[in-house]
Each structure stands twice: as structure tokens, then as C-alpha cells.
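Here are a few friendly exercises to work through with the structure open beside you. Try each task on your own before reading its solution.

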Amino acid sequence: MPNIRVRLLIVLVVLCGFLTAGGGTPAAAATPPDSLWFDGTPVTVRDGRFVDGHGREVVLRGYNVSGETKLAEHQGLPFASVADARKSATALRALGGGNTVRFLLSWAYAEPVRGQVDTAYLSAATAQLSAFLDAGIRVYPDFHQDLYSRYLFDAGSWYTGDGAPEWAVDAGNYPDESCGICFFWGQNITQNEAVKRATYDFWHNRYGVQDAFLVTAEKTMTYLRQHLTDTQFAGLVGFDPYNEPHPGTLDDGQSSRAWERDVLWPFYERFRARMDAAGWRDKPAFVEPNLFWNANLDFQRQEGGLLDAGTLGPRYVFNTHFYDQKAISGVFMPGKAGDGSYTGDFRTVRDRAAAARTAAVVSEFGHPLAGTVADKAPTVLKAMYQALDSRLPGARWWSDPAASGPVLSGTQWQWDLYHGRHHELMNGNPGKVLTEGDAWNDEDLSAVRLDDSGRPVLRQDARLLDRLYPSATAGTTLAFTYEDRSRDGSTTLTWNPVPSSLPNVRKLVGSGQYGLLLWRSGGGQAPTELHLPASFPASATTVVSDLGAVHAPPPYARDTRIGVAAEPGGTGSRRLLLSAPDAGVTHVALVTNGATAPAAGLLDAARAELSAWAAQKVS
């Protein structure tokens with residue numbers, strides 16, 4: 001929700017100076033195509049990191065699927081059909097480079113009548129979700145809401161919401177919605193009395209609405225557990241209980257931090273108990289703090305971050321969003337983002353998760369792709385991905401890689417197959433049919449669309465989205481960076497050039513893309529793997545590592561130290577596999593597409609140079 005958090009305050013500054021436990025047993029299903037012996041294990045949280053069944057550190061990268069769930073045109077589902085879900089999953093893997101999706105669900109459609117879960121909706125959602133699991137993509141579902149519910153809004157309103165069902169709104173007898181002097185939908189959070197009161201009532205369980213939601217959530221999770229195969233269920237990495245929580249209204253004398261402690265956290269504990277009862281005991285809850293806890297405008301930030309929740313891991317994941325409200329405002333950041341623009345913001349996320357002894361995920365980030373601030377999108381998104389990869393700006397990375405920190409997981413907002421092709425009756429009004437953009441409150445953030453032939457195509461630079469990243473590290477990640485060479489118009493953005501002190505590495509990389517991973521091995525047999533973007537065909541890929549130096553790496557085999565294999569799911573995406581079955585040894589690997597048939601002497605010289613650099617910089 002990129003334009004929620006700042007718009008109200010900008011305007012004020014300007015103006016003022018079902019289902020039971022029973023159910024059929026799902027049929028056995030084969031593992032996704034192209035799976036290897038180490039694939040398919042569940043992901044859990046251990047020692048503050050996501051890990052798979054082989055103890056490898058896992059990075060979750062992908063997209064939200066999708067804002068379509070907020071709309072009525074497909075009855076609260078991300079897709080019109082399972083076929084579209086499969087098409088989307090294949091494209092997300094092959095074009096977008098994702099290995100994970102945050103899969104949006106709608107409470108309004110799951111429980112349209114109080115106390116009655118709509119199993120037809122759950123069945124359709126499960127089938128669509130399964131399309132991603134079968135493509136080898138991990139999933140964490142999210143019961144999504146914005147502005148509490150669309151049913152708070154009049155047919156002729158400028159705005160709409162999503163989340164709670166109509167009966168939950170009717171129970172409150174809320175005032176007629178009005179945002180007053182509002183120019184952007186997010187202002188409703190703090191100015192629309194109906195939204196504020198309904199949100200407050202949910203958190204305080206007035207009319208039993210929170211109880212009802214938790215019952216529906218448990219039935220939904222039970223349904224998924226019963227109707228997914230064991231292989232598919234292993235691909236579910238957790239559940240996001242509630243999107244972007246906000247108190248609505250604080251009680252007299254109550255602080256935001258106290259609200260998190262006394263109201264929000266008990267809700268998460270109740271949700272966690274429902275997960276356990278539904279058979280999700282070994283999967284974490286992806287819990288979000290007050291949505292304003294990390295606002296990058298000082299006058300907007302509210303104290304929070306689940307500071308009083310204690311140790312979260314392994315039962316909870318620290319889950320947050322980040323949008324650059326300065327950039328979105330068009331006022332507070334007149335220029336564009338640059339090298340290191342968000343390393344401080346994402347460092348805050350890393351530090352908060354580390355203090356809570358759990359893993360972190362930035363489950364939403366992005367920037368508008370149309371409108372008056374769309375010109376900032378190429379630099380803003382590059383800087384956000386840079387900050388996910390490392391704590392450091394490019395200018396400092398080569399001189400101090402040991403300070404790079406863990407690679408953050410994240411899912412970009414959003415992946416909407418129907419972008420620009422919607423047919424949404426806004427608030428049920430046949431006189432207000434929305435077709436353009438995301439068809440929701442003037443948002444336009446989808447990274448994908450369908451072309452005239454019905455083929456998914458990217459709306460952003462593929463070099464930015466389809467990225468090299470360590471999807472599984474056999475041991476402990478010490479440092480990682482990726483120079484994507486993405487473009488802002490006709491300008492190639494290079495924020496992390498190889499330093500002149502490494503002339504052979506610099507020559508090898510040239511003007512190509514490159515990534516560099518430093519890790520300490522953990523003694524397991526499963527290899528370290530990095531997603532290979534489509535811009536890294538095996539024939540053009542060069543790997544320089546202490547494990548070897550090779551151009552056009554061969555197909556993976558268990559006795560091959562450096563090899564390439566397809567990623568699970570049969571989508572055509574590929575991965576680089578690095579085998580180092582020792583323990584406690586520091587390894588380094590540079591991966592680039594900048595060299596064409598490099599000479600053996602250059603490979604050897606670059607390998608020696610890189611090994612010496614790694615030995616000096618990382619103890």
C-alpha cells in the first residue's frame with residue numbers, strides 16, 4: 001500500500017502549513033518436475049534464519065499474488081481460472097525469477113455468511129494456490145485487508161477497501177463513510193471515522209468479529225492441510241495473519257507501542273493457537289507490527305516493531321513492509337534514489353529480527369509504475385533490491401564485505417496478470433467500471449501484464465526483477481552482492497563496480513552483470529544454490545570460485561563442484577549449484593555473464609585475485 005502512509009500528512013502539512021475437522025485425503029502427487037534429491041523439504045526458522053531440511057539458509061524472493069484478490073470481479077480470488085494461475089506461476093518463475101509468493105486470501109469471500117465458511121471459495125483458492133506449489137514456488141497465504149472492508153464504502157465513493165465481510169460491517173452500524181479533504185486513499189486510515197471505528201472494533205472483538213475471523217482462519221488452514229498433498233503442504237512456509245495492522249484509534253493515554261503489546265500481540269498468540277490446531281504447528285506465523293513503525297518520514301513514524309514480544313523465533317517471523325513515502329509523495333524527495341538509499345531502512349529490519357531471534361521478510365515493497373512519481377521507479381526498486389541483498393551500499397561493499405549481513409527475504413508488490421484488463425464494478429456500482437492499472441484506488445504497481453496474445457510480459461526491466469540471489473546456502477552466508485546493471489531509461493545503473501585493485505576480476509566482469517557470494521560451509525551434502533536469471537545462459541556464464549573456475553558450467557552431478565540444473569517446477573528457470581561438503585571453511589564464488597570464452601590464464605588470475613581478497617576481508 002504505497003500511498004497510504006504519507007498522503008494524509010502531506011495534505012495536512014500543505015493545508016495547515018464450513019468445514020469440520022473431517023475431509024477427504026488428498027491423492028498422492030509426484031514432486032515437481034526437475035526436482036533433485038535435496039529439493040522439497042519444508043522451510044522452518046532456526047537461529048534467526050529460514051532453513052530447509054538440509055540445514056541450508058533459504059532466501060524467499062518473489063511477489064504478492066495478487067491485488068486481484070481485493071476485487072469482486074473474480075470473487076476474491078487472484079485468478080479467473082486455474083489455467084491462469086498456472087500461466088502466472090510459470091511466468092513468475094521464468095520471467096520474474098521468484099521462488100516464493102505471498103498468496104492473498106479474502107475473509108469476505110471465505111465467510112460471506114456469519115459462521116458459514118464457503119468451501120467452494122476455499123476449494124478454488126486451494127486449486128489456484130496449488131498451481132504455484134506445483135511450479136516449485138513456496139507460498140505463504142495472507143488474509144488481506146485494506147481500510148477494513150469494501151462494505152464500509154458507498155457505491156459512489158471515491159475509495160474502496162477490502163477484507164471483512166458485509167455482515168461484520170453491518171454488526172457495527174458505523175457512520176456513513178467520509179474521508180473529508182482526502183486526495184489519496186490511504187488517508188482513510190486516519191481520517192475516515194467509519195474505517196477507524198470498524199478497525200478499532202475488530203481489535204477489541206466487539207460483536208465477536210475477531211472470534212469469527214479466527215474460526216474462519218482455522219477452518220481455512222485446516223482445509224488447506226487436508227486438501228494439499230504432503231509434498232504441496234511442505235511448500236507452505238507459514239501464514240500471514242493480518243495485513244498492515246493499525247489500531248484505528250488508540251485508547252486515551254495509550255501509545256502505539258502499548259497497543260502492539262496489549263492488543264496486537266495477544267491477537268497473534270490467538271492466531272498461533274489456531275495454526276497449531278489446524279496442523280500448522282511446524283510453520284511460523286508471519287506477524288506484522290504497526291504499519292507505521294518504520295515509516296521513513298519522521299513525523300509519521302510511530303513507535304513499534306513488536307518490541308515487547310520477546311523472542312519470536314521459531315514460531316513467528318518478523319514480517320514488515322517498506323515503501324519510500326518520501327519518493328511517493330513527490331514532495332519530500334524531489335530527485336531519484338541512489339546507491340545505498342535504503343540500506344539504513346532495511347538494516348533496521350535486520351536488526352529488529354536479530355533482536356527477536358527470528359527470520360525477517362519484507363512482504364511488501366514497491367513503487368508506482370504510472371503517475372507523477374513513476375520516473376523514480378527504476379532507481380527506487382534497484383535500491384530496495386540492493387538493500388535486501390546487503391546492509392552496505394555498493395561504494396562500501398568491496399572494502400568491508402564482512403559487514404554485509406544476511407540476505408533478506410522479500411516479496412514485491414505485486415504480480416497481477418490482469419493489469420490494465422480489469423472489469424471491476426467499484427463498490428458494486430455499474431456506473432463505475434474500472435479497467436486500468438490495478439483497478440483499485442488508482443494503484444498501478446504490477447510487475448507483469450498480458451500482451452495482446454495473452455502472453456505474460458514484464459512491465460519493468462528484466463535485469464532488475466530476474467536477479468541472481470542465493471536461494472539456499474549450505475552453511476552461513478557471510479556476504480552477498482549483485483550488480484544487475486538495470487536501466488533508468490537509456491542509462492545503465494552501476495552502483496557496485498569491481499574495484500581497480502582487482503584488475504583481473506574487473507576485466508572478467510567487464511560491462512556484464514555479476515554476483516558474489518561469500519559463505520562458511522556447514523558440513524552438509526546438499527549444495528549451495530543461486531538462482532540464475534535468464535540473462536545468464538549456461539553458455540555465457542562464468543564462475544570463479546575457490547571451488548574452481550569455469551566458463552559455461554556443466555550440468556549438475558553429485559560429484560561436480562560447479563554445475564547448472566533446472567529449478568523444480570518445469571518452468572524453464574535454472575540454478576547454479578556449488579558443492580562444498582566441508583565444514584567451517586570460507587568459500588567465495590563470483591558469477592558473471594560479462595565474459596565471452598575467457599582465456600584460462602584470465603580465469604586463473606581472477607581466481608587467485610578473488611581468493612586473496614576473500615582471505616584478507618573475511619576471517
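**Exercise 1. Decide whether C179 and C182 are buried or exposed, then find what joins them.**

Solution. Keep in mind that this is a predicted model.
- Start with accessibility: buried means under 20% relative accessible area, and both C179 and C182 are buried.
- Next, look at the sulfur atoms. Those of C179 and C182 lie 1.8 Å apart, and the cut-off for a disulfide is 2.5 Å.
- C179 and C182 are therefore joined by a disulfide, since their sulfurs are within 2.5 Å.
- Now count: the model has one disulfide by this rule.
- Finally, check the handedness. The angle about the S-S bond is -70 degrees, and the link between C179 and C182 is left-handed.

**Exercise 2. Work out how helix α2 is oriented relative to helix α4, and which residues make the contact.**

Solution. Two packed helices are described by the angle between their axes and the distance between the axes.
- Locate the pair: α2 covers residues 82–94 and α4 covers residues 119–134.
- Read off the geometry: the angle is about 25 degrees and the axes are 8 Å apart.
- Angles under 35 degrees count as roughly parallel, so α2 and α4 are roughly parallel to each other.
- Then list the contact: α2 brings V82, A85, R86, S88, A89 and L92, while α4 brings A127, Q128, A131 and F132.
- Sort these residues by type, and you get seven nonpolar, two polar and one charged.

**Exercise 3. Describe the packing of helix α12 with helix α13.**

Solution. 
- Helix α12 spans residues 343–355 and helix α13 spans residues 377–389.
- Their axes are 9 Å apart and meet at an angle of about 40 degrees.
- The crossing of α12 and α13 is right-handed.
- On the α12 side the contact uses T343, F346 and R350; on the α13 side it uses M384, Q386, A387, L388 and D389.
- By type, the contact of α12 with α13 holds four nonpolar, two polar and two charged residues.

**Exercise 4. Why does P527 count as buried, and which residues does P527 touch?**

Solution. 
- Find P527 in the loop between β19 (514–522) and β20 (528–532).
- P527 has 0% relative accessibility, so P527 counts as buried.
- Leaving out residues up to four places away in sequence, the residues that P527 touches include W37, F38, R56, Y556 and L577.

Technical notes
Residues are numbered from 1 along each chain as its sequence is written. This is a predicted model: local features need pLDDT of at least 70, side-chain atom pairs count only at pLDDT 80 or more; totals for chains, interfaces and linings use all residues. Side-chain values use heavy atoms; hydrogens and water are left out. Buried means under 20% relative accessible area, exposed over 50%, partly exposed in between (1.4 Å probe, protein chains only). Axes are lines fitted to C-alpha atoms, for helices over the stretch in contact, and angles run from 0 to 180 degrees between N-to-C directions. Helices (H or I, at least four residues) and strands (E, at least two) are DSSP runs, numbered from the N terminus. Angles under 35 degrees count as roughly parallel, over 145 as roughly antiparallel, 65 to 115 as roughly perpendicular and the rest as oblique. Contact means heavy atoms within 4.5 Å. Ala, Val, Leu, Ile, Met, Phe, Trp, Tyr, Cys and Pro count as nonpolar, Asp, Glu, Lys and Arg as charged, and the others, Gly among them, as polar. A crossing is left-handed if the near helix is turned anticlockwise from the far one by less than a right angle, and right-handed if clockwise.
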